Amino acid sequence: MLERVSTDIKATGDRGPQVVEDAALPSAPVLKGVLALFTLQDGLLIGYLFAILALLAHAEASAMQAQCTQRTMASIVVMVLGCVFARGATSVSPAIRSVVYKTVLPGIVLMNYLTLRDVLPIIRTDSLDMQLLQFDLAVFGVEPALWLERFNRRPIVEWFSFFYFSYFFICGFYMLLAVWLRPPTRHTTEFAVGTALVYCLGQLGYMAVPGYGPIGALKHLYQGPVDGGFFWGCVMGTVQAGGAMKDIFPSLHTAAPLWFALWAFNGVRYDKRFLPLAVVTAFFSFNIIISTMLLRWHYVIDVLAGLTLAVSASVLSVKLARWEETFRKRLGETQSWFFT
């Protein structure tokens, strides 16, 4: 960054007498140099982290609140330094800067999710489960998560538990595919922007509409526990180990796999080999959506919100990636995933 900014300042100084006239105005070359260091996906993630920081600042003071604030500030620092190093340290090998950036960006997303278990109860101590239930009853006349109890049989539960658990592998696979395994294109930017929209807006939704889901809030209405086996045990073990607990609206188990499927379908424009991948992901997405209600994690309104989020991200990511490509060209900079 220092190299980039200092070069811009030097270029400004070469204009001689105009330096005095420009001194009273904002330094456009410096601003251009700073803007060149960050892309749209970076801005979305950093903006989200600042929103969390602001919400924590208004929460009741406690040891955990202070700890979460420190973690969020650390994430902002790491994210900013990662971007500055990746696009500003031009004397360092582009391969090294690329690896650093591709590690920092998904790393911050993952670490932020793992901290939600502590953050959510601090920001919102209440629960809106009853309001979500009333919405479902008013619209559908029944709560689907309760109606689906008739299918609480071991083979059925295991089938849908497998797909619910596959969510974590789907997320990891698409991150590796889009960020690490394929050469960078506009499609990579679409993936980064869309994923940032899904997770940043989705996790802010957790704070706007907190709840524990039917498995917690409506457990007294079920006739018995979920009749699961191995895969149900994997789901429960994962949730208990790292789940955010109050993360139901919107359903990211609905939004993320569907978003990945839509991204893969969009990828057919670039590579026909994306078509079978898109079809398989869509099949997994369908089963995961059903599992969110059958396994008692979500109300149907959570699922509808997740569907809306995924489709919106699919539409916006294409438009925003095209906009950013044009913007960076005007800056005279390489595209967001190139570090030469």
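Of the 340 residues in the chain, 49% are buried, where buried means a relative accessible area under 20%, exposed means over 50%, and partly exposed lies in between, with a 1.4 Å probe and protein chains only. This is a predicted model, in which local features need pLDDT of at least 70 and side-chain atom pairs count only at pLDDT 80 or more, while totals for chains, interfaces and linings use all residues. Residues are numbered from 1 along each chain as its sequence is written, and side-chain values use heavy atoms, with hydrogens and water left out.

The secondary structure of the chain comes to 15 helices and zero strands; these are DSSP runs numbered from the N terminus, with helices (H or I) of at least four residues and strands (E) of at least two. Along the principal axes, the C-alpha atoms fill a box of roughly 85 × 55 × 35 Å. Among the contacts in the chain with a separation of 6 or more, 85% are between residues 24 or more positions apart, a contact being heavy atoms within 4.5 Å. Glycine 33 is found in helix 3, residues 28–35, and is buried, with a relative accessible area of 1%.

**Empty space**

Rolling a probe the size of a water molecule over the atoms shows where empty space is left. On a 1 Å grid over the protein atoms alone, a cavity is a set of points where a 1.4 Å probe fits but cannot get out, whereas a pocket is an open set with protein on both sides within 12 Å along at least five of seven lines, and lining residues have an atom within 4 Å of a point. Grid points are joined across faces, edges and corners, and a volume is the space filled by probe spheres set on the points. A search of the whole structure finds two cavities of 30 Å³ or more. In the table, Ala, Val, Leu, Ile, Met, Phe, Trp, Tyr, Cys and Pro count as nonpolar, Asp, Glu, Lys and Arg as charged, and the others, Gly among them, as polar.

| Space | Volume | Lining residues by class |
|---|---|---|
| Largest pocket | about 860 Å³ | 22 nonpolar, 10 polar, one charged |
| Largest cavity | about 200 Å³ | 13 nonpolar, four polar, no charged |
| Second largest cavity | about 40 Å³ | four nonpolar, one polar, two charged |

The largest pocket has about 860 Å³ of space, and of the 33 residues that line it, Tyr113, Tyr167, Phe168, Tyr199 and His253 are the closest to its centre. Several helices, including helix 6 (94–123), helix 10 (186–208) and helix 13 (252–267), each supply at least two residues of this lining, and the largest share, six residues, comes from helix 9.

In the largest cavity, which is lined by 17 residues, Leu105, Val109, Ala192, Thr195 and Ala196 lie nearest the centre. Here the largest share of the lining, seven residues, comes from helix 10, while helix 4 (40–57), helix 6 and helix 9 are among those that each supply at least two.

The second largest cavity is lined by Leu148, Glu149, Asn152, Val157, Val226, Leu294 and Arg296. Arginine 296 lies in the loop between helix 14 (274–294) and helix 15 (300–331), and is buried, with a relative accessible area of 5%. Most residues other than glycine have a negative phi, and most peptide bonds are trans. The phi of arginine 296, however, is near 75°, a positive value.

Which residues of helix 12 are buried? They are Trp232, Cys234, Val235 and Val239, and seen down the helix axis they fall within an arc of 155°, so they line one face of helix 12; the arc is that of the directions from the helix axis to the C-beta atoms. What covers these buried residues includes helix 6, helix 9 and helix 11, whereas the face turned away from the buried side carries the exposed residues Phe230, Gln240 and Ala241.

Proline 250 is found in the loop between helix 12 and helix 13, and a cis peptide bond, with omega about -5°, joins phenylalanine 249 to proline 250. Helix 13 is mostly covered, with 14 of its 16 residues buried.
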